[in-house]
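Here are my notes on the model, as numbered points. Have a look at the structure first, then read on.

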Amino acid sequence: MEEILQQARSILRATWKHRRLGMLFAWLIGAVAAGVILRIPDKYEASARIFVDTQSILKPLMSGLAVQPNIDQQVMMLSRTLISRPNIEKLIRMSDADLNVKSKAEQEDLIERLTKTLEIKSTNRDNLYTLSYRDSDPTKAQRVVQSLVSIFVESSLGGKRQDSESARKFIEDQIRNYEKKLEEAESRLKDFKLHNLELQTADGKTNVDRLGDIALMLEKSRLELREAENSRDALRRQIVGEEPVLLPESPGADASISLPEIDGRIEAQKRNLDALLQKYTEKHPDVIGTRRLIKDLEEQKREEIISRRKFAQANPGTGISNNPAFQQLKVSLGEAEASVASLRTRVNEYEARYKRTKEMMKSMPQLEAEYTQLNRDYEIHKKNYEQLVSRRESAELTGDLESAGGGADFRLIDPPRVSSKPVAPNRLVLLPLGLLLAIGGGLFAAFVASQLRPVFFDGKSLRDQTGLPLLGIISLLENEARQKQERASLVRFMLAGGALIVTYGAGVAILTYLSQRAA
């Protein structure tokens, strides 16, 4: 710490030794700074205030029907991007600021200067914007601000219209594209349905359900076919003599007499009764109805036997061929043959359906996957198309809303005006800064001189700096004449420094007086 203090004292003593040079540089820098400050041209500021009203009564009324843009964000973005090169070039043409521009370089310099000088200040809470510009010509400054106000309002309105038209054009293009996609998807779905008509069911049953239904109908048809074949065979046996011919017999032998057309029906109903009794009780309506039907058929059989006995007793010599019962048997046989053929055709058809459905079920997963994919593509295209149509309507309503004034409303609160007094430069502040710069420059000049021509004030510094052994020190004894000379030099230095400060103080006082008088 002691070494640092010692070094600082040595630097200060060396700088003090060159104080006259420092004072000279302080006067030179002060004079140059004062001249520059006084020669800076006056700047007049023109400004205007604009209020942007983003609240509209149409907003809540059109909520949900039209797109509500973020007007606050749009205006904020517009204020930040307003000072761009295209707008600056347009501003120069509108304000005639390029009348004295004769070269491309001067035009570029003008654009750069305007870009740096124009200011847009805003208070985000109140949507109040202040546009300002400073220039040495107050009339030119006012024209520039007036042109900037016009560009600010026109850029907002033009941007809204351009955004609405661009959005509407984009949506129209997308709608046309999705119309083509939807038509193609509908065509593919139609072709698939035409090639796979058997997949379509009106009752909503699956192919497994359909296969089960066909199997049930096939079994039922086969059963009916067997019944019809048994009935037909019985009729044939009776006709060819394998069954006894009905002759007059005793009433107690009715049970042994065979009538195939009725016996077959009775046997079928008995089998049906057995099947019902396995599932239901005796009191079930189907069981009771079947028993009643069997009883009716047996009664019909008894009546038929009685009728044939009477005929045989009345015509004892009639042959078999002339027997009405025989003729009835032949008629019944023909009907049985027709019934068998019909049922066989039905069984064949159900067998073919069963095989076809079973084969189709093997390829069913692939067909269902293809149908699901086609249907999903169609639904996606249809959904997107409907959404785009809805958004087109919303975009049209949004455009109409903007045309009706549903956006931002720009109100000019303070028209462009220019200040009567120059706002820059502030010489009352610049002059003290110039004084500080002069003092700092003088100190720096004295320090640099001390470093260029170093002086050692003690033996230790000399020994440390040179690295040579020090044999001794010779001190200078000051006499009275030298002391007077030092005092005179110090007085001159103090007077020069005081004169510099007084000069700057007088300049500040004069400027303060002139500014108060102008006010």
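1. R232 is buried, at 12% relative accessible area (buried being under 20%, exposed over 50%, partly exposed in between, with a 1.4 Å probe and protein chains only). This arginine sits in helix α8, residues 207-239. Skipping residues up to four places away in sequence, R232 touches L333, A336, E337, V340 and R344 (contact: heavy atoms within 4.5 Å).

2. Before going further: this is a predicted model, where local features need pLDDT of at least 70 and side-chain atom pairs pLDDT 80 or more, while totals for chains, interfaces and linings use all residues. Numbering runs from 1 along each chain as its sequence is written, and side-chain values use heavy atoms, with hydrogens and water left out.

3. The largest nonpolar core has 24 residues, and I50, I88, L91, I92, L118, Y133 and F152 have the most contacts inside it (a core is a set of buried Ala, Val, Leu, Ile, Met, Phe, Trp, Tyr and Cys joined through side-chain atoms within 4.5 Å).

4. I88 deserves a look. Leaving aside neighbours within four places in sequence, I88 is in contact with I83, I111, L114, T115 and L118. Another core, of 9 residues, lies apart from the largest one and includes A34, I37, A438 and L500.

Key:
Helix = DSSP H or I, 4+ residues; strand = E, 2+ residues; numbered from the N terminus.
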